[in-house]
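Subject: Structure handover, salt bridges

Hi,

Here is the structure I promised to pass on. My notes on its charged pairs follow below.

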Amino acid sequence: MGMAMTHSMAAGMNGVRAAGDLVARMQITRRMKNQAAKEYVAGKLGVSIMELTDEAIMDEVRKDRDIGLVTLLPGYAKGIEAKFNIARVLGIEINCVNMTKARLLK
């Protein structure tokens, strides 16, 4: 039931359009409660908790931090590059990022 709850919360925060994906990632990887995950992400992004759900503000934050956008725009990170940036910004380990680094360093 945990994953379904996390997905529900992320979807409720507009997913990638705002910060739902980032909050859900913290809930899953660090087993944070919803409020703690929101506080952590807001602190790392330099926004208030209320701003995490504002699509206009988060669009600018996502562009500034280069952590992925819903609409793929030229010059902005997408795919694994965005995940590299998310790992750096949030200070977390992401398996696919670590595996890509290991392959590149061989």
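Start with Arg17 and Glu55: they form a salt bridge, with the closest N and O atoms 3.6 Å apart. Arg17 sits in the loop between helix H1 (2-12) and helix H2 (20-29), while Glu55 belongs to helix H4 (residues 55-65), so this pair ties together parts that are 38 residues apart in sequence. Arg17 is partly exposed, at 43% relative accessibility. Glu55 is also partly exposed, at 37%.

Please keep in mind that this is a predicted model. In total, the structure holds 3 salt bridges.

Next comes Asp21 with Arg62. Their closest N and O atoms are 2.3 Å apart, and the two form a salt bridge. This pair also links distant parts of the chain: Asp21 is in helix H2 and Arg62 in helix H4, 41 residues apart. Is Arg62 buried or exposed? Arg62 counts as buried, because its relative accessibility is 1% and the cut-off for buried is under 20%.

The remaining pair is Asp59 and Lys63. Their side chains meet in a salt bridge at 3.2 Å, N to O. Both residues lie in helix H4, 4 residues apart, so about one helical turn separates them. Asp59 is partly exposed, with a relative accessible area of 26%. Lys63 is partly exposed too, at 22% relative accessibility.

Best wishes

Notes
Residues numbered from 1 in each chain as written. Predicted model: local features only at pLDDT ≥ 70, side-chain atom pairs only at ≥ 80, totals over all residues. Heavy atoms only, no water. Salt bridge = Lys/Arg side-chain N within 4 Å of Asp/Glu carboxyl O. Helix = DSSP H or I, 4+ residues; strand = E, 2+ residues; numbered from the N terminus. Buried < 20%, exposed > 50% of the residue type's maximum accessible area, 1.4 Å probe, protein only.
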